[in-house]
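Here is a friendly note to go with your first look at this structure. Please keep the 3D view open and follow the points in order.

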Amino acid sequence: MQSVKGTKDILPHDSVAWRHLEQVIREVMHRYCYGEIRTPIFEDTTVFSRGIGEATDIVGKEMYTFTDKGGSSLTLRPEMTAPVIRSFIEHGLGDQRVLNKLYYIGPMFRQERPQAGRFRQFHQFGFESIGQTSPECDAEIIAMASDIYTRLGISFTLKINSVGDPTCRPQYREVLQSFLDSVHDRLSTESQKRALSNPMRVLDSKDERDKEATKNAPVILDYLSDTCQKHFQRTCALLDEIGIGYVVDPRLVRGLDYYTMTAFEFISADIGSQDALGGGGRYDGLVTQLGGKETPAVGFAAGIERMLMVMEKNGYTFPEDSPEVYLIGMDPASRDWVFQTAIKMRTGGLSVEIDYADRSVKAQMREANRLGCPFVVIVGETELQSGTAQVKNMREGTQESVEFSSLIEYMTALSHH
Ligand code: AMP
């Protein structure tokens, strides 16, 4: 049997990298005072059909939707913003604080065509700042993402745009639509359809014909309302002040009506065609879309697998997961001592490994080396009689005798030194 196409096992060796990355994310979240939210892996399908939009690829083609034995239509979450907002409304979080700052880390599910950097179960972390329209919220979200990438040695290009809001976007949409009409024959078939249903999405088409045909398309930045214009300028000014570089990309769009103002994306030059590290933006219309009170919000989501790909490519050194102590028994009687002492040391807080396969002392030494243990404790007949153990410092190549009675204390002091 094999794991399902597009899914992956994360074995202990890889888990070290995952845990390190998660730890860095949590640390940064703590500094910015975001609280962790954990929602269920599946939701009623309507959370996503209403929260992401029927017309999107995710809802239209990629969801793992099933009917359970009670006849409910459920869906494995393809993303987290909709569940977070569902939970925000359900628990009345908006009544408790003027701003709710939430983050998450976990698996998402989309039935996409698997390829390098694209999976069917993949992992995201993300954060949502729910309750205010201040550009500070937008800039903070971008700063956190940038902080995490920088800390992990991941270089990126940050693209930013404003997609306006329902007061100015309809007018732009009309202008764009008539432009697209004028170049209709030069567009790809897909974009010809989109020009009618979702014209802004034509601008982020990867098809060369579309790129060529829309080279001189009108851009939304020329049509922003005063409010949107000010919000965009202030957000950019804040990024300038805190020293985060960005490129304004007027073709960066979001297809849905509840997206407003800020849209941004982090791109990597290190991982081939699936180069989007993460993206986000403002979605002032989503909370009402899901049945809550009008509440502005801004958020970000990032793929973890792609970050790990970049880090591996860069030769990032992950902290090792080595035991602190390896205990070696030279004969059957000492092995008994080794087992008991290992349990005592572990209870006392040390990470301790021993041999379970009756291997020779030499083989056990090799194993301790392979695991990267800094200290090895060796006990044989002589040591059992004298009640002292030989403690070997593997890094410095030194050795000393330590009495059994003070061994745990001694090893703890050495290891946590
Ligand atoms: P999205 O929710 O589509 O904006 O995706 C946010 C980020 O999640 C992307 O920039 C990717 O880094 C990552 N991502 C999205 N879909 C996949 C996938 N199928 N496999 C791996 N990573 C993904």
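This is a predicted model: local features need pLDDT of at least 70, side-chain atom pairs count only at pLDDT 80 or more; totals for chains, interfaces and linings use all residues.

1. How many aromatic pairs does a search of the whole structure find? The search gives 15. One of them joins phenylalanine 125 to phenylalanine 127, a tilted pair with 5.9 Å from centre to centre and 35° between the planes. Both phenylalanine 125 and phenylalanine 127 are buried.

2. Another pair to find is tyrosine 149 with phenylalanine 156. Their ring centres are 5.8 Å apart and the planes meet at 50°, so this pair is tilted. Are the two partners buried or partly exposed? Tyrosine 149 has 0% relative accessibility and therefore counts as buried, whereas phenylalanine 156 is partly exposed, with a relative accessible area of 24%.

3. In soluble globular proteins, nonpolar side chains tend to be buried together. Here the largest nonpolar core has 64 residues, and those touching the most other members are Met29, Phe125, Phe127, Ile148, Tyr149, Phe266 and Phe300. Helix 6 (residues 135-151) gives the most to this core, contributing nine residues.

4. Apart from neighbours within four places in sequence, its contacts include Ile142, Ala145, Ser146 and Tyr149. Also among them are Phe156, Thr157, Leu158 and Phe300, as well as the run Asp275, Ala276, Leu277 and Gly278.

5. Now step back to the whole chain. Which domains is the chain divided into? Domain 1 takes in 12-168 + 224-313, and domain 2 covers 325-415. The C-alpha centres of domain 1 and domain 2 lie 49 Å apart.

6. For strand pairing, start with strand 7 (residues 157-162). Strand 7 and strand 9 (residues 260-267) are antiparallel and share six bridges, while strand 7 and strand 8 (residues 247-248) are parallel, with two bridges.

7. Elsewhere, three strands make an open sheet in the order 2-4-3, with antiparallel pairing. Strand 2 (42-44) and strand 3 (65-67) are at the edges with a single partner strand each, so one side of each has no neighbour in the sheet. From one strand to the next, the twist averages 35°. Strand 3 pairs with strand 4 (residues 73-76) over three bridges, and phenylalanine 66 stands opposite leucine 74 in strand 4.

8. Is helix 13 (residues 304-313) mostly covered or mostly exposed? Mostly covered: seven of its 10 residues are buried. The buried ones are Ile304, Glu305, Arg306, Met307, Leu308, Val310 and Met311. The elements covering them include helix 1 (12-31), strand 5 (100-109), strand 6 (121-130), helix 6, strand 10 (276-282) and strand 11 (297-303). After helix 13 comes glycine 315, with a positive phi near 65°.

9. Finish with the five-stranded open sheet, whose order is 13-12-14-15-16 and whose pairing is mixed. Strand 13 (352-353) and strand 16 (398-403) are the edge strands, each pairing on one side only. Strand 12 (residues 325-329) runs parallel to strand 13 and is joined to it by two bridges; here valine 325 has valine 352 in strand 13 as its bridge partner.

10. Two helices pack on that sheet. Helix 14 (residues 332-347) touches strand 12, strand 13 and strand 14 (375-379), and its direction makes about 160° with that of strand 12. Helix 17 (residues 404-415) touches strand 12, strand 14, strand 15 (388-393) and strand 16, with its direction at about 135° to that of strand 16.

Methods
Residues are numbered from 1 along each chain as its sequence is written. Side-chain values use heavy atoms; hydrogens and water are left out. Rings of Phe, Tyr and Trp (its six-membered ring) pair if their centres lie within 6.5 Å; planes under 30 degrees apart count as stacked, over 60 as edge-to-face and the rest as tilted. Buried means under 20% relative accessible area, exposed over 50%, partly exposed in between (1.4 Å probe, protein chains only). A nonpolar core is a set of buried Ala, Val, Leu, Ile, Met, Phe, Trp, Tyr and Cys residues joined through side-chain atoms within 4.5 Å. Helices (H or I, at least four residues) and strands (E, at least two) are DSSP runs, numbered from the N terminus. Contact means heavy atoms within 4.5 Å. Domain bounds come from an automatic or database domain assignment. Two strands pair if DSSP finds at least two bridges between them. Axes are lines fitted to C-alpha atoms, for helices over the stretch in contact, and angles run from 0 to 180 degrees between N-to-C directions.
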